[in-house]
Amino acid sequence: MAQLGHLVTTTFASMSTIVVEGGRSLSGTVGILGAKNAVLKEMVSALLAPGRHRLTNVPSIVDVELMCQVLEHTGCKVDQGEGELWVVVPEELRPEAPIDLVRQMRASIVVLGPLLARCGVARVALPGGDDLGSRPIEWHMSGLDQMGVSFELVHGELVGSIDGKLKGTEIELPFPSVGATENLLFAGVLAEGETVIVNAAREPEIEDLIRQLTEMGADISGGGTSLVTIRGVEALHPVEHEVIPDRLEAGTFAVAAAITNGDVTITGCYPDHLRMELRKLEDAGCDVERGDGWLRVKGPDRPTPVDFSTLPFPGFHTDMHPQMVALLSLASGTSVVTENLYDARFRYVGEMARMGADISIEAQHAIVRGVDRLSGCPVLSPDIRAGAALVLAALRADGVTEVGGAEHIDRGYQDFAGRLAALGASVERS
Ligand code: EPU
């Protein structure tokens with residue numbers, strides 16, 4: 001396995017760069033791969049059932065490799081092939097996720113639910129903050145606490161334990177948190193009785209996870225709505241499951257077409273998962289055609305300003321925010337962008353300003369005053385989506401932009417530079 005093992009070692013040890021020469025219009029067709037934020041959780045759900053699980057449409061990205069390491073730490077055997085992955089889960093698990101892995105990938109926290117359900121105990125390093133801000137996990141903990149889990153913080157590790165089995169109950173989330181909904185789903189499927197999640201997250205990746213859990217024998221209703229009911233079952237079994245397409249990857253390529261005044265067809269995606277984002281692209285002057293499993297985006301000569309606020313699904317996705325700002329930085333007027341999810345999402349703004357963007361921040365709002373042109377220079381990517389956004393800005397900037405910290409982009413996009421180059425961009429990885 002460890003197809004990407006070398007990448008993890010080299011990228012986290014040293015910084016890599018994507019070099020872009022701006023000014024080319026993109027055209028052609030790009031195929032979308034499996035969703036990062038679905039596959040990571042669907043790897044973890046394997047922990048709920050001993051045996052051999054198979055996932056298909058698996059992207060070759062660094063976060064998948066990190067999740068392989070998390071699963072291996074618990075005693076699983078993971079094998080990767082081209083676009084697929086097998087997890088062999090033993091009867092006896094080691095119920096731990098250590099700090100070095102949790103620090104590199106915060107999503108590791110979702111092993112809590114399955115490990116508690118299978119082992120009655122879980123020791124998971126507390127993730128702390130990350131590139132996007134403080135990102136606490138108290139809603140995961142309070143939901144699990146209501147299901148009978150006692151938590152202790154021991155030397156930076158969260159140790160959860162349960163006397164007997166997890167017990168179903170009604171849990172009302174203060175906010176439709178993706179991770180908390182997932183941890184409660186995992187805990188609920190093997191719990192005694194019925195677990196009801198009120199104000200559950202409705203993201204398509206959660207719906208896909210519920211589909212996989214149902215295939216495994218779980219009894220869940222209300223997937224994709226804010227009221228999810230889980231009736232606990234005695235045991236689950238391994239299955240084969242195909243990961244849904246990555247709507248964020250599709251959205252990012254849509255902005256690549258938009259910002260370069262290009263004409264790109266995006267295949268293997270679900271346009272319905274991007275309704276709000278596509279509507280905002282249309283408002284910005286793009287011509288968007290869509291069909292069953294495909295999208296075609298033609299960019300305007302110059303974008304029209306558009307206001308938007310990030311919200312949980314079906315609102316405008318926070319992980320499409322920086323890419324959209326890259327586009328609006330070149331609009332023919334001023335746009336107001338409100339970020340409602342992350343306190344540190346705007347860290348890329350200073351880097352875009354180095355390229356000539358005129359953006360000011362007022363609390364959780366960005367005032368984006370469109371400029372006539374951006375100019376290439378060295379910039380540094382602070383996180384996955386910001387990195388992608390800086391590459392998109394570079395596609396339209398004069399001259400050469402070197403986007404450092406490209407290893408962040410590798411966490412969520414398979415061969416981003418190569419796929420942009422195939423659409424006609426002048427992009428190289430160095
Ligand atoms: N929050 C709390 N307390 C909690 C849980 C969440 O305050 O107990 C807050 C977070 O700090 C954040 C907001 O609630 O401000 C939303 O967090 P959520 O739990 O929904 O997000 P997550 O599960 O940590 C996933 C994705 C993110 C994506 C968000 C929102 C994965 C691996 N990550 O994170 O994806 O931004 O949902 O849709 O699924 C990315 O792919 O680049 C990425 C960051």
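**Close-up views of two open sheets**

**View 1. Pairing of β16 with β17 in the predicted model.** Strand β17 (residues 294–298) and β16 run antiparallel and are joined by five bridges. Within this pair, D287 has K298 of β17 as its bridge partner.

**View 2. The open sheet that contains β16 and β17.** The sheet is built from four strands in the order β2-β15-β17-β16, with mixed pairing. From one strand to the next, the twist averages 15°. Helix α9 (residues 247–259) packs on this sheet and touches β2, β15 (263–267) and β17. The direction of helix α9 makes about 170° with that of β15.

**View 3. The open sheet in the order β4-β5-β3-β14.** Here, too, mixed pairing is found in an open sheet of four strands. The edge strands, β4 (77–81) and β14 (240–242), each pair on one side only. The average twist from one strand to the next is 15°.

**View 4. Pairing of β3 with β14, and the helix packed on their sheet.** Strand β3 (residues 51–56) pairs with β14 in the parallel sense, over three bridges. R54 stands opposite E240, a residue of β14. Helix α8 (residues 204–215) packs on the sheet, where it touches β3 and β14. Between the direction of helix α8 and that of β14 the angle is about 160°.

Technical notes. Residues are numbered from 1 along each chain as its sequence is written. This is a predicted model: local features need pLDDT of at least 70, side-chain atom pairs count only at pLDDT 80 or more; totals for chains, interfaces and linings use all residues. Side-chain values use heavy atoms; hydrogens and water are left out. Two strands pair if DSSP finds at least two bridges between them. Axes are lines fitted to C-alpha atoms, for helices over the stretch in contact, and angles run from 0 to 180 degrees between N-to-C directions. Contact means heavy atoms within 4.5 Å.
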